[in-house]
Amino acid sequence: MGGPTKLIDAILFLFFLVIAVAVPVLDSQTCLPRDMYPDVLVNLKKWYTTEYGDYLVAEKPHFFVGIVWLELLFQWPLSIAALYGILAGKSWVNTVSLMYGSSTLTAMVAILAEMKNSGKASDKLMMLYYPFLGFALLAILRGLVPHSGRTTTIGKRPILNRKKRI
């Protein structure tokens, strides 16, 4: 089971790394006071909003702010746990991936339905959001893959010091 699972873990690791950085730096600006952030981050968020025409970020509809709170309080900690779990080869990374993927898939369906049905979203903006839907499905898939019982870790320590029998 090592080949495909390792590839999925590598892809998800990069995705979770992006989430671990982007959520507190950029996404949280949607629901937290603006004066908490340095000007460079506020300007980056403004550039993104105008460059991609992300009307949800600009207009902050209530459902979107709620989804950002979900991301900040639930999905962000899960992404950090998943990063650790993948690096350490923990068996519970399946559960974390399934939880993260299910939550993200639900949020992305709501966001993409709004964008599609409103007629306000450009193709450029839609193409920016679609990969998150794919990563959510990949995380769910990873969560459904049974744990092999063997873990490959980085910096593995002995579990117990066992006495040798003579």
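## Starting at Lys 120

Let's begin with Lys 120, which is partly exposed at a relative accessible area of 47%. In this predicted model, its side chain meets that of Glu 59 in a salt bridge, 3.3 Å from N to O. Glu 59 sits in helix α3 (residues 55-59) and Lys 120 in the loop between α5 (93-118) and α6, so the contact ties together parts that are 61 residues apart in sequence. Glu 59 is partly exposed too, with a relative accessibility of 48%.

## From helix α2 to helix α6

Another of these pairs is Glu 51 with Lys 124, whose closest N and O atoms are 2.9 Å apart. Here the link runs between distant parts of the chain, from Glu 51 in helix α2 (residues 39-52) to Lys 124 in helix α6, 73 residues apart.

How accessible are the two partners? Glu 51 has a relative accessibility of 37% and counts as partly exposed. Lys 124, at 42%, also counts as partly exposed.

## A buried pair

The remaining salt bridge joins Asp 9 and Arg 142, with 2.5 Å between the closest N and O atoms. Because Asp 9 lies in helix α1 (residues 2-25) and Arg 142 in helix α6 (residues 123-144), this pair ties together parts that are 133 residues apart in sequence.

Are these two residues buried or exposed? Asp 9 counts as buried, at 14% relative accessibility. Arg 142 is buried as well, with a relative accessible area of 8%. Both values fall under the 20% cut-off for buried residues.

Conventions:
Residues are numbered from 1 along each chain as its sequence is written. This is a predicted model: local features need pLDDT of at least 70, side-chain atom pairs count only at pLDDT 80 or more; totals for chains, interfaces and linings use all residues. Side-chain values use heavy atoms; hydrogens and water are left out. A salt bridge is a side-chain nitrogen of Lys or Arg within 4 Å of a carboxyl oxygen of Asp or Glu. Helices (H or I, at least four residues) and strands (E, at least two) are DSSP runs, numbered from the N terminus. Buried means under 20% relative accessible area, exposed over 50%, partly exposed in between (1.4 Å probe, protein chains only).
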